[in-house]
Amino acid sequence: MTPDRFEDHCWKDAVPQDLIDLYAPYARETFVGPKPALLCIDFYNIVYRGGAKPPLEIQDEHPNTCGMYAHASIEPTKKLIAAARMAGVPIFYCTQDFRPMNRPAGVGSTKRQKVAWKKEDFDIYEPLAPQEGDVVIYKQRASIFQGTPIISHLNYLGVQSLIVCGESTSGCVRASCVDAYSNGFHVSLVEECTFDRHELIHKINLFDLHHKYVDVMHLDEVVQHLGSFSEGKVAAE
Amino acid sequence: MSERIWDKFLTERDKAVFAASGYGAQGAWGERPALLVIDVNYAFCGERPTPILESIKKWRTSCGEDAWEAIPVIQRLIGTCRERAIPVIYTTGQRRADNWDSGSWSWKNNRRSEAPKVDGSNRDGNAIMDEIAPGPRDLVALKQKPSGFFGTPLQSWLQLLGCDSVIVTGTTTSGCIRATVLDAFSMNYRVTVVEDGCFDRAQASHAINLCDMNAKYANVLHSEEVLDYLRGVPQGLFDLPSGSGMTQNAAE
C-alpha cells in the first residue's frame, strides 16, 4: 500500500491526530517481502470459548477468551491460510508447550493469575487446524522465537520474510513480531486475522507495531499477493 | 582424499570407525555464502611472527607463528570475497577495562586478571590485525563469548543478507571457530571451515577439532578449493553496506 494510505487502518478512530502527526516520519510503502512463510500465533481453543460475545461477559467462565474478536477473525484467517497453502508458502503454527516434564512452575507467556489448564485447552482450534506438512512450534513464553528451533527451520527453507497472524496483538503477536524484526525478517502482519481481548489494546499495539517494526496489511492485499505466486513454487524449494 | 592433517593423531580403531559410520560426507555448498573471520586480533596473533612460547609471555592467548601462516590465506579469501561483493564479517572480543565482564572466562585461566590492553606497542588485544583490516563495506560483530552468534547481531545480518552458508576462518580452531561452526550448523546454515585459514595454539587441538567438525558439522577444505568456489559465486548477489561515510578501517 502506498505511503498516503499508511494510516488507513483500524486504529484511525482510536489514535488522536497529534499522535498520528508525531509518527509521520514512519510513513512508507508497505508490502509482502520475498520468500515468505506464514506464522499463525496461538490460535488455540481457549481464546474462542464462550462464543462471539464481549470477552468481559464470558471471561469468568472462559478465562483468556477473546470472544467476539476471536470469532470475527475466523473466516478471514481461513482465507489467509488457504491462500498461503495454494501459494505453497510454508505454514508454521505455535501454541503453548504441554509436553510433559518440560516446564518449571511459573514459566509462562504472561504474568496472569494462573489457571489449571489442560493440554486440550491449547490444541489448535479445529476450524484452523494445521494440515499435513505444516509445522507446529511449542513455546513457553510470548515469542515464537524464544527457546524454539524456528530460526533453524526458516533458514532450512530459505525463508526471507514473514506473514504473521494470530493473538494476542499486545502479547504473543507483538513479542513474535519484534523478535522477527530483530532477527532481520521483513514482517507483514494481517490486520483482519489478528486480535486481542479489547479493541483499544488491539488498535494501539497494531499502531505501535506498524510504525516501528512491521507492515500491518489488509487481508485482501496479502491474499492478492499470494495469488500472484505461480503453482506453489515459493520458499519451500 | 589424500592424507588429512588429523590422520596422524587417530588410532587405527578411530579410522575404522569413521570409515564405517558414514560421518565425514561432503555436504553441498550453499548458494549465498558469507566469509567469517573469527577473532584474528593482536591477542591471538601477537604483533609479529614469534615462536608461541615466546609470544605467550606477552599475549597469553597468542597462537604464535601458526597465526602468521594463516593470515596470508585469510587475506586471499577476503580479497576474493570483496572482488565478488560477498559479505565479509569479522568478529572480535569486547571487554570493559576493569574486566568485570570476563565472567566465566576467569574461571578457567589463571592469567585472566591481566589487563586486556598490554604495554609496549600499546595495541589493544582485541584490535583486528592490520594485515586483514576490515574495509568500509565489511561488518564487525563484537562478542564476549566463544560463538560469533552468542549475544551478537550475526544471525540477523546473515538473515538480512539472505545468506544460506558461512565460510569460517580464524581462531582458535578448538574454541571460537568450533563454537561458531556449531551454532551455524544448529541454525541450518551450510558450513565450510578453511583448514589452512584456521589456527590454534595447540597443534593436537587444531587437528582433532578439524577432524570432529569435518565428521559432523562442516566441510573442512583447503583454501585453494574454497577460492575456486568463491570465484564461481555470481556478482551482485548481496545488498552489502555501501561503505559510504565509513573510515577505511571499519574496526577503528
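Let's start in the middle of the thing. The largest nonpolar core has 112 residues. Those with the most contacts inside it are A:L38, A:V164, B:L35, B:V37, B:V168 and B:V193. Helix α4 of chain B gives the largest share of this core, 7 residues. A core here is a set of buried Ala, Val, Leu, Ile, Met, Phe, Trp, Tyr and Cys residues joined through C-beta atoms within 7 Å. Buried means 20 or more other C-beta atoms within 10 Å of the residue's own; exposed means 12 or fewer, and partly exposed is in between, with C-beta atoms placed from the backbone.

Ground rules, quickly. This is a predicted model: local features need pLDDT of at least 70, side-chain atom pairs count only at pLDDT 80 or more, and totals for chains, interfaces and linings use all residues. Residues are numbered from 1 along each chain as its sequence is written, while chains are lettered from A and ligands numbered from 1 in the order in which they are written.

What does A:L38 touch, leaving out residues up to four places away in sequence? A:I81, A:A84, A:V89, A:I91, A:F92 and A:I163. Contact means C-beta atoms, placed from the backbone, within 7 Å.

Now chain A as a whole. It has 8 helices and 6 strands. These are DSSP runs numbered from the N terminus: H or I, at least four residues, for helices, and E, at least two, for strands. The order from the N terminus is α-β-α-α-α-β-β-α-β-α-β-α-β-α. The radius of gyration is 17 Å, close to the 18 Å of the globule rule for 237 residues, so chain A is as compact as a globular protein of that length. That radius is taken over C-alpha atoms, and the rule is 2.2 Å times the number of residues to the power 0.38. The C-alpha trace spans about 45 × 45 × 30 Å along its principal axes. Of the 237 residues, 38% count as buried. Of the contacts in chain A with a separation of 6 or more, 78% join residues 24 or more positions apart.

Next, the interface. 10 residues of chain A are in contact with 11 residues of chain B. On the chain A side, helix α5 (residues 150-157) supplies the largest share, 4 residues.

Last, a helix pair in chain B. Helix α4 (residues 65-83) and helix α8 (residues 223-231) pack at about 5°, axes 10 Å apart. Axes are lines fitted to C-alpha atoms, for helices over the stretch in contact; angles run from 0 to 180 degrees between N-to-C directions. α4(B) and α8(B) are therefore roughly parallel to each other. The cut-offs: under 35 degrees is roughly parallel, over 145 roughly antiparallel, 65 to 115 roughly perpendicular, the rest oblique.

Methods. Two residues are in contact if their C-beta atoms, placed from the backbone, lie within 7 Å.
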